[in-house]
Amino acid sequence: QVQLVESGGGLVQAGGSLRLSCAASERTLVNNAMAWFRQVPGKERELVATIRWTGTYYADFVEGRFTISIDNAKNTVDLQMNSLKPEDTAVYYCAAGPSLARDSRRYSIWGRGTQVTVSS
């Protein structure tokens, strides 16, 4: 069974940084596009960033503050988040799917999520 396990969430003050990691198998990383989504209560899950060997894509709200990367030595997909804002508060999910896509329905494998809280 394919598993994605997120870590690195927590509480941080506005302007601070967090680094999220998603542990996956090497096969999953090689065969899929990997993505980070986020969701707040009452809203749809939205794409933060996605990566595959063909490239990366970031949501407009990232505005250069976040970087998605794959650590081949650790088999993780990481999301470095800098200059965090209170509106970045959400549960962040790691996902895997066949291609780079903005629609969460294009991703079939999901982690359980990690909470990120940014205080003002």
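A33 is buried, with a relative accessible area of 0%; the term buried denotes under 20% relative accessible area, exposed over 50%, and partly exposed in between, with a 1.4 Å probe and protein chains only. The model is predicted, so local features need pLDDT of at least 70 and side-chain atom pairs count only at pLDDT 80 or more, whereas totals for chains, interfaces and linings use all residues. Residues are numbered from 1 along each chain as its sequence is written, and side-chain values use heavy atoms, with hydrogens and water left out.

- A33 belongs to strand 4 (residues 33-39); strands (E, at least two residues) and helices (H or I, at least four) are DSSP runs, numbered from the N terminus.
- K85 is located in the loop between strand 8 and strand 9, and its relative accessibility of 27% places K85 in the partly exposed class.
- From K85 to S17 the C-alpha to C-alpha distance is 9.8 Å, and the two residues are 68 apart in sequence.

**Disulfide**

- A disulfide is a covalent bond between the sulfur atoms of two cysteines.
- The link of C22 and C94 is left-handed, with -80° about the S-S bond.
- Because C22 lies in strand 3 (residues 18-23) and C94 in strand 9, the pair ties together parts that are 72 residues apart in sequence.
- C22 is buried at 0% relative accessibility, and C94 is likewise buried, with a relative accessible area of 0%.

**Aromatic pairs**

- A pair of aromatic rings is described by the distance of the centres and the angle of the planes.
- Rings of Phe, Tyr and Trp (its six-membered ring) pair if their centres lie within 6.5 Å; planes under 30 degrees apart count as stacked, over 60 as edge-to-face and the rest as tilted.
- The count under this rule is four aromatic pairs.
- The pair of Y93 and W110 is edge-to-face because the ring centres are 6.4 Å apart and the planes stand at 80°.
- Y93 lies in strand 9 (residues 90-97) and W110 in strand 10 (residues 109-110), so that this pair links distant parts of the chain, 17 residues apart.
- Y93 is buried, at a relative accessible area of 13%, whereas W110 is partly exposed, at 26%.
- Y107 also pairs with W110 in an edge-to-face arrangement, with 6.4 Å from centre to centre and 70° between the planes.
- Y107 is buried, its relative accessibility being 4%.
- Which residues do ring pairs link into a cluster? The members are F37, Y93, Y107 and W110.

**Charges over rings**

- R45 lies over the face of Y93, 3.7 Å from the ring centre; a charge sits over a ring if NZ of Lys or CZ of Arg is within 6 Å of the ring centre and within 35 degrees of the ring normal.
- R38 has its charged end over the ring of F61, at 3.8 Å from the centre of that ring.

- N75, a residue other than glycine, has a positive phi near 60°.
- N75 occupies the loop between strand 7 (66-71) and strand 8 (76-81), and is partly exposed at 22% relative accessibility.
- S83, also a residue other than glycine, has a positive phi near 50°.
- S83 is placed in the loop between strand 8 and strand 9, and is partly exposed, with a relative accessible area of 40%.

**Largest pocket**

- The largest pocket holds about 200 Å³ of space.
- A pocket is defined on a 1 Å grid over the protein atoms alone, as an open set of points where a 1.4 Å probe fits, with protein on both sides within 12 Å along at least five of seven lines; lining residues have an atom within 4 Å of a point.
- Grid points are joined across faces, edges and corners, and the volume is the space filled by probe spheres set on the points.
- The lining of the largest pocket consists of F37, E44, R45, E46, L47, Y57, A59, D60, R102, D103 and S104.
- These lining residues divide into four nonpolar, one polar and six charged, where Ala, Val, Leu, Ile, Met, Phe, Trp, Tyr, Cys and Pro count as nonpolar, Asp, Glu, Lys and Arg as charged, and the others, Gly among them, as polar.

Definitions and conventions. Disulfide = S-S within 2.5 Å.
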